[in-house]
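This note is for a colleague who has not seen this structure before. Please read the points with the sequence and the model open alongside.

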Amino acid sequence: MIEMHNEVVEAVVEQYKGADEDIAADCLVYLSSLKVLPLAYTATTALESMGRCPTCGCKLESYTHRVYHSEVDEPPYYESVTEVYCPYCDIRGGDYVG
Ligand SMILES: [Zn+2]
């Protein structure tokens with residue numbers, strides 16, 4: 001059997017890209033939940049490349065905060081660090097691992 005997971009995921013993304021991207025994300029979440037490893041992996045990768053949560057398909061959000069480096073001798077002492085999080089899983093789900 002030929003592995004067609006790339007084609008399947010591409011077809012889903014292509015079909016629903018643009019205004020219907022939410023539907024594509026839902027489809028990819030469904031595919032990634034199947035016990036078909038290459039397909040699940042490809043679907044998860046596609047969700048990540050769309051900036052979507054691989055668990056629920058929500059659009060990921062990011063926030064930037066500054067980290068102070070006391071070990072540096074010259075400015076800048078602060079480093080901007082951007083963290084990506086899912087507004088649904090990471091906050092309402094309660095097990096935020098930042
Ligand atoms: Zn999520």
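1. Val-67 stands opposite Glu-79 in strand 2. Strands here are DSSP runs of E with at least two residues, helices are runs of H or I with at least four residues, and both are numbered from the N terminus.

2. Some ground rules apply. The model is predicted: local features need pLDDT of at least 70, side-chain atom pairs count only at pLDDT 80 or more, and totals for chains, interfaces and linings use all residues. Residue numbers start from 1 along each chain, following its sequence as written.

3. The two strands belong together. Strand 1 (residues 61-68) pairs with strand 2 (residues 78-85) in the antiparallel sense, over eight bridges. Two strands are said to pair if DSSP finds at least two bridges between them.

4. How many residues of strand 2 are buried? The number is zero of eight, so strand 2 lies largely in the open. Strand 1 is hardly covered either, with a buried count of zero among its eight residues. A residue is buried if 20 or more other C-beta atoms lie within 10 Å of its own, exposed if 12 or fewer, and partly exposed in between, with C-beta atoms placed from the backbone.

5. Val-84 is an example from strand 2. Val-84 has 13 other C-beta atoms within 10 Å and is therefore partly exposed. Leaving aside neighbours within four places in sequence, Val-84 is in contact with Leu-60 and Ser-62; contact means that the C-beta atoms of two residues, placed from the backbone, lie within 7 Å. Val-84 and Val-67 are 17 residues apart along the chain, and their C-alpha atoms are separated by 16 Å.

6. The loop between strand 1 and strand 2 contains Pro-76. The peptide bond from Pro-75 to Pro-76 is cis, with omega near 0°. For comparison, most peptide bonds are trans.

7. Turning to the helices, the axes of helix 1 (residues 5-16) and helix 2 come within 7 Å and cross at roughly 160°. Axes are lines fitted to C-alpha atoms, for helices over the stretch in contact, and angles run from 0 to 180 degrees between N-to-C directions. Helix 1 and helix 2 are therefore roughly antiparallel to each other, a term for angles over 145 degrees. In this contact, Val-9, Val-12, Val-13 and Tyr-16 of helix 1 meet residues of helix 2 that include Ile-23, Cys-27 and Leu-31. By class, the contact has nine nonpolar, no polar and one charged residues. Nonpolar covers Ala, Val, Leu, Ile, Met, Phe, Trp, Tyr, Cys and Pro; charged covers Asp, Glu, Lys and Arg; the others, Gly among them, are polar.

8. Helix 2 also meets helix 3 (residues 37-49), where the axes come within 7 Å and cross at roughly 145°. Among the residues involved are Leu-28, Val-29 and Leu-31 in helix 2, and Leu-39, Ala-40 and Ala-43 in helix 3. By class, the contact of helix 2 with helix 3 has nine nonpolar, two polar and no charged residues.

9. Is Leu-31 buried or exposed? Leu-31, in helix 2 (residues 21-33), is buried because 20 other C-beta atoms lie within 10 Å. Beyond neighbours within four places in sequence, Leu-31 is in contact with Val-9, Leu-39, Ala-40 and Ala-43.

Technical notes
Parallel < 35°, antiparallel > 145°, perpendicular 65-115°, else oblique.
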